[in-house]
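Biologist: Thanks for sitting down with me. Could you walk me through a few parts of this model?

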Amino acid sequence: MALRPCHGAARLWPALRGAALRARGPRRHKQDALPRRGPPAPALSLAEMRRYLRAHDIPFQEGYSCLRAPSPFAGERGPAAGARSLFIDKTTGSFLCTATLAEGSWQDLQAHVELRQPGPPADAEELERDAEREAERDAEDARRIWERAQPLGELLDEEETREAKAAFGMSALAAASLQRFGVRYLRAAKCLVFPWLSPRDGSVRGVKLVGPPPRRGEAGAALPAEQTVPRGAAYRNLFGLPLVGRRDTELVLTGRELDAVALQQATGVPCVALPRGPHSLPPPLLPYLEQFRRITLWLGDDLRAWEAAKLFARKLNAKRCALVRPGEQLPRPLEALAMGLDLRRVLRGALPAAHKSIVSFRQLREEVFGELANAEQVAGVKWARFPELNKLLKGHRRGELTIFTGPTGSGKTTFISEYALDLCMQGVCTLWGSFEISNVRLAKVMLTQFAAQRLEEQLEQYDEWADRFEDLPLFFMTFHGQQNVKTVLDTMQHAVYVHDITHVVIDNLQFMMGHEQLSGDRLAAQDCVLGAFRKFATDNNCHITLVIHPRKEDDEKELQTASIFGSAKASQEADNVLILQDRKLTTGPGKRSLQVSKNRFDGDVGIFPLEFSKASLTFSSGKTKVKLKKMREEKAPLSKKAPPGGAGASKKP
Ligand SMILES: Nc1ncnc2c1ncn2[C@@H]1O[C@H](COP(=O)(O)OP(=O)(O)OP(=O)(O)O)[C@@H](O)[C@H]1O
């Protein structure tokens, strides 16, 4: 399954480019890296935030996920505007003023409070003006698209309307429901247009274009192509929010726009859809959800959506959340409506998200059944470019630790870049920690692999590929060289909360060992770092792929699990061990093979050849038929033993 299938999105572009998008001006730079400015801010506790507000005589109310206070930014708009419109995220300290839409970090807020300046913090003014200009340009683009699109009821003839509705599987949606939500149709691109309306004045701030889902058997992903204006993280629309009344206390959160329309039509309960599909709930949206005493999450029809819902409930405060569990009998809301299911009943049957410390099997039995009935999904996200890896590992699962090693200079970074890119293209939110090579170099490798061609010779195509690449849920830590592991873990924690990261790649572990550890108890230091990553993966239900250099060995020997530096702990803690071999099965220069030497999920291990293409920097481009050789698991000492702090995928919480 895919969040934003890029190959599919291409179908929308020609129409967009010709129809509405402005000619590109000077290239814009987006700050997607973490941390955004300089090193990450020191972790801030909620108690410290409360203490600070009290010390500065700022009254506040405790909300579900935010502290709520009068906004100092809304002063000029009269007392009513400022009343309780400042929302401070209880986890990060970031703020949003819903009266003025001013936003910033906790440090920005402190600077503002202490300097008592009217308006946004001084040092951020220039940045803010730039952001505003950009937002205005985006809004103009969006309005142009919006004006070209037509309400579905105004298409030329009924036949066209009927066909369009059938293509999107929304025949059960009434014209009035679509109109209420402002859904339009862009004939030139044969796609639906969903508006992002400003909460202040109802003007169009952005749009999302969604193509029809691929028909059964059609190549590509199972989800429709999407594109937003503004692109990526800047598109922060809770679709349907303008229809929610100030006094509403109950809401349903869905993963897709048409699901929100379907649910609201069937139940009359206010429904909104997340801006970037079912796998991401950006914290800046939390203030808009503070007013609700009950939030039901029905994000999709698969286990990934279910996992995401459980994590989002933590962000929203589980006490007020209920979860609809997808299953064989219960698809996503749009399909459930088409099947004639009683959606009110489904909402009433949603499970409370609050976690009890002790549960009985009775409470777990449904979930256990779900795992048994969806064994394919439990096995994780499949690689599109490495089918042999699917045969051995079965998929990429949350909460696991993968250790990857290979001889020096054999292509570890290049391979792991493609392995992670493949998953990221399927909606796995990915955070890269590249300590050895710069993010620019890494991104160049990834973009080349993404385009599967040498872009140096096709610079005229750069913008098109870069635009598509920009839409991937991909982030980079800005660390380079030696790093303190605590700082890295804090940044990862922040990224998991803010960007819903489910895969972190660390290249490589040696950069976290510190100069002072170069002698003496280096092994103990590595064990300690490994233990910390293992715990992080388990606690956050996030997969970590860790590149580790092998220890110096006889050049003639092949690598094995025991060749990993400080091997015993590394192989015990890992759920999977992957080795890039430059000898086994290979003949000739450039040939490599990938060995899975540990697989805690189901024990299948083996090796298959990789064929490297120098032009596209990919390992997946081999034309020759790949021969997979299954092997018996190495008898690494204690390799089957579960790690003390961690659980493998088969033991997920
Ligand atoms: N199979 C291959 N055949 C030939 N060249 C390759 C192959 N794989 C990668 N390369 C090239 O080798 C160089 C080194 O690759 P890479 O940085 O990925 O290796 P590495 O194993 O991560 O290195 P290190 O051990 O220094 O971390 C790159 O220029 C890459 O394009």
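**Hairpins, a helix and a ligand shell**

Modeller: Gladly, and let's begin with a turn: the hairpin of S8 and S9 has 6 residues between its strands, and glycine 202 there takes a positive phi near 75°. Please keep in mind that this is a predicted model.

Biologist: Which residue takes a positive phi in the hairpin of S7 and S8?

Modeller: S7 (residues 184–186) pairs with S8 in the antiparallel sense over 3 bridges. Their hairpin has 4 residues between the strands, and the one with a positive phi, near 50°, is lysine 190.

Biologist: And which residue stands opposite valine 193 in S9?

Modeller: S8 also runs antiparallel to S9 (residues 204–210), joined to that strand by 6 bridges. Valine 193 of S8 is the bridge partner of arginine 184. In S9, the residue opposite valine 193 is leucine 209.

Biologist: How many residues of S8 are buried?

Modeller: S8 covers residues 191–197 and is mostly covered. Of its 7 residues, the number buried is 6.

Biologist: Why is H16 described as largely enclosed by the rest of the structure?

Modeller: H16 spans residues 412–424 and reaches 18 Å from its first C-alpha to its last, close to the 18 Å expected. A residue counts as buried with 20 or more other C-beta atoms within 10 Å of its own. H16 is largely enclosed because the buried residues number 13 of the 13.

Biologist: Which element gives the most to the shell around the ligand?

Modeller: The shell divides into 2 nonpolar, 8 polar and 3 charged residues. Nearest among the 13 residues around the ligand are Gly411, Lys412, Thr413, Thr414 and Phe612. With 3 residues, the element giving the most is H16.

Key
Residues numbered from 1 in each chain as written. Predicted model: local features only at pLDDT ≥ 70, side-chain atom pairs only at ≥ 80, totals over all residues. Helix = DSSP H or I, 4+ residues; strand = E, 2+ residues; numbered from the N terminus. Expected span 1.5 Å × (residues − 1). Buried ≥ 20, exposed ≤ 12 C-beta atoms within 10 Å, placed from the backbone. Near = placed C-beta within 6 Å. Nonpolar A, V, L, I, M, F, W, Y, C, P; charged D, E, K, R; others polar. Pairing = 2+ DSSP bridges.
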